[in-house]
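This briefing sets out what can be read from the coordinates of one protein model. Please keep the sequence and the structure in view while reading.

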Amino acid sequence: MSVVPPKALRSILVLVTAIVVLLTLFCYRPYSSSVSTLRGVVPEARIGDVDWSRYAYTQYVTNTDYLCNSVMLFEALHRLGSKADRLMMYPEDFSVEDDNTSKESKLLRIAREKYNVKLKPIQVQSRLGVGATWAESYTKLLAFNQTQYDRVLSLDSDSTVLQPMDELFLLPSFPVAMPRAYWLYPDYQIFSSQLVLIQPSKTEFDRIMEAIKKASMDEYDMEILNKLYKDSALILPHRPYDLLTGEFRGDDHSAYLGTKLEKWDPYRILHEAKFLHFSDWPVPKPWDSDPRNMMEKKQPKCQYNPETKEEDDCRALNVWLEIYDDFRRRRKAICGTEDDAL
Ligand SMILES: *[C@@H]1O[C@H](CO)[C@@H](O)[C@H](O)[C@H]1NC(C)=O
Ligand SMILES: *[C@@H]1O[C@H](CO)[C@@H](O)[C@H](O)[C@H]1NC(C)=O
C-alpha cells in the first residue's frame, strides 16, 4: 500500500528530473578547469590581461641614415597604436644628452620623448674584411641578448610598418620565427631576416655569438640565422608579414600570392600587408640619391586591361609611386632634410 499515489509520484519524478536538467545546463561549464591551460594557445582568451611590457619591437642602428629610418618606423608603430614596448639599440658613442645639439642626439630624444622608445646603448657588431653594406648587420643579432623581454620582434628599418603586429608576441613558445624569402622560393628555401620573432635567452645568444665568431667572409646575419634555425624556426607567413616593394614591378606574383589561381590586385595586397621592405634593385633606397634616374626607368608599367583593351591599368604604378612619396614625406617631417638638420 503506497503512501504517495502513483500519479503524484510521476509528477515528482518529472519535477526532479527537470530541476537536475536545468541545474546541469546552468552550472556546467565545459573545460572551465582548463581555461588557464588555454592561455598562451588561444590569444583571444587572454588579450585583455596581456602584460605588453614583456614584449618589444626592436630596431638596431649603426649610423645616422639608419637612425632616421628607425625613428620613422617607431613613429609608425606609435601612430598605429601598437601595444608592445619599443626598443632601440643604438651605438654607445651616440650621445642622448639634453645639451647635445648633434643630429643623432636630437633624433634619439625625439624617439624617446615622442614615440616612447626605450634606448639601449650597444656596441656595433662588425667584422673586418666583410662588405660595407653588411659589415654591421651582426648588430641585429644583439636582439637575442635583450633578456629583459620574453619576446622581441626585430624589424629591418629600411621598411614601412603598415599595421601593428602585436599578435605575433602571443604565439606559442619557440626560440625563433621568420618568414621565408618568398622571392627566392622554391629555388631556395631560406628564411628572410627582415622580420625575426625572437625569444631572447642566454643559451641562444651564446650560440649566436659563437656562430658570428666562426662565420666565413660571406656569412651575415641572415646566413647565421638560417644555419642555426633552418630546421627549428617557425615559418611565419610572408603574406602579410613580409612584402617587398619590388613585388609591384614584377609580372609573375605567384610566389607572393602562393598560388597561380588568385588574381593580383595591387591595392588589396598593399591593404592586407603589415610590413613592407624597400627592395627594388637597381632602384636605390628611398633616402639615397638617384643620379641614374632609376626610379623613372624602372617604375612599374601600366598593364593591359582586358575590359577597355588598352594599357590603362596603372594601379601597380600608382601604388609603387605612393609608397616612395609617402616615405619621403615622412622622412622630411620626422628627420628634416640634410640642410636644415631638423
Ligand atoms: C654630442 O655628442 C657627440 C657624440 O654623439 C660628441 O661627439 C659631441 O662632442 C657632443 N657635443 C656636445 C656639444 O656635447
Ligand atoms: C648582453 O647583455 C648583457 C646583460 O645586459 C651585457 O652585459 C652584455 O654586454 C651584452 N652583450 C653584448 C655583446 O652586447
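Two strands are said to pair if DSSP finds at least two bridges between them. By this criterion, strand S5 and strand S10 (residues 275-277) are a pair, joined by three bridges in the antiparallel sense. The model is predicted, and its protein chain contains eleven helices and twelve strands.

**The chain as a whole**

- The protein chain has 342 residues, and 44% of them count as buried.
- Its accessible surface comes to about 19,000 Å², and carbon and sulfur atoms contribute 56% of that area.
- Among contacts in the protein chain with a separation of 6 or more, 72% are made by residues 24 or more positions apart.

**The sheet containing S5, S10 and S9**

- Three strands form an open sheet in the order S5-S10-S9, and the pairing in this sheet is mixed.
- Strand S5 (159-161) and strand S9 (243-244) are the edge strands, each of which pairs on one side only.
- Within the antiparallel pair of S5 and S10, Ser 159 has His 277 of S10 as its bridge partner.

- Ala 177 has Leu 197 of S7 as its bridge partner.

**A buried loop residue**

- Gln 146 is located in the loop between strand S3 (117-122) and strand S4 (151-155).
- Is Gln 146 buried or exposed? Its relative accessible area is 1%, and Gln 146 is therefore classed as buried, since the cut-off for that class is under 20%.
- When neighbours within four places in sequence are left aside, Gln 146 is in contact with Leu 87, Met 89, Lys 120 and Pro 200.

**Surroundings of ligand 1**

- Asp 93, Phe 94, Ser 95 and Asn 100 surround ligand 1.
- By class, this shell consists of one nonpolar, two polar and one charged residues.
- Which part of Asn 100 lies 2.2 Å from an oxygen atom of ligand 1? The atom concerned is a polar side-chain atom of Asn 100.
- Backbone atoms also take part: a backbone N or O atom of Asp 93 lies 3.1 Å from an oxygen atom of ligand 1, and a backbone N or O atom of Ser 95 lies 3.0 Å from an oxygen atom of this ligand.
- On its own, ligand 1 has 360 Å² of accessible area, of which the protein covers 41%.

**Surroundings of ligand 2**

- Ligand 2 is surrounded by Leu 142, Asn 145 and Phe 205.
- A polar side-chain atom of Asn 145 is placed 2.3 Å from an oxygen atom of ligand 2.
- The protein covers 42% of the accessible area of ligand 2, which on its own amounts to 360 Å².

**Cis peptide bonds**

- Arg 239 and Pro 240 are joined by a cis peptide bond with omega of about 20 degrees.
- Pro 240 belongs to helix H7 (residues 238-241).
- Trp 281 and Pro 282 are likewise joined by a cis peptide bond, with omega of about 5 degrees.
- Pro 282 is in the loop between S10 and helix H10 (294-298).

- Asn 116 is a residue other than glycine with a positive phi, near 55 degrees.
- The location of Asn 116 is the loop between helix H4 (103-114) and S3.
- Asn 293 also has a positive phi, near 60 degrees, in a residue other than glycine.
- The loop between S10 and H10 holds Asn 293.
- Why does Asn 293 count as partly exposed? Its relative accessible area is 40%, and the partly exposed class lies between the buried limit of under 20% and the exposed limit of over 50%.

Conventions. Residues are numbered from 1 along each chain as its sequence is written. Chains are lettered from A and ligands numbered from 1 in the order in which they are written. This is a predicted model: local features need pLDDT of at least 70, side-chain atom pairs count only at pLDDT 80 or more; totals for chains, interfaces and linings use all residues. Side-chain values use heavy atoms; hydrogens and water are left out. A residue is near a molecule or strand if one of its heavy atoms lies within 4 Å of it. A polar contact is a pair of N or O atoms within 3.5 Å; within protein, one must be able to donate a hydrogen and the other to accept it, and residues adjacent in sequence count only if both atoms are side-chain atoms. Accessible areas come from the Shrake-Rupley method with a 1.4 Å probe; for residues, only the protein chains shown count as cover. Ala, Val, Leu, Ile, Met, Phe, Trp, Tyr, Cys and Pro count as nonpolar, Asp, Glu, Lys and Arg as charged, and the others, Gly among them, as polar. Helices (H or I, at least four residues) and strands (E, at least two) are DSSP runs, numbered from the N terminus. Buried means under 20% relative accessible area, exposed over 50%, partly exposed in between (1.4 Å probe, protein chains only). Contact means heavy atoms within 4.5 Å.
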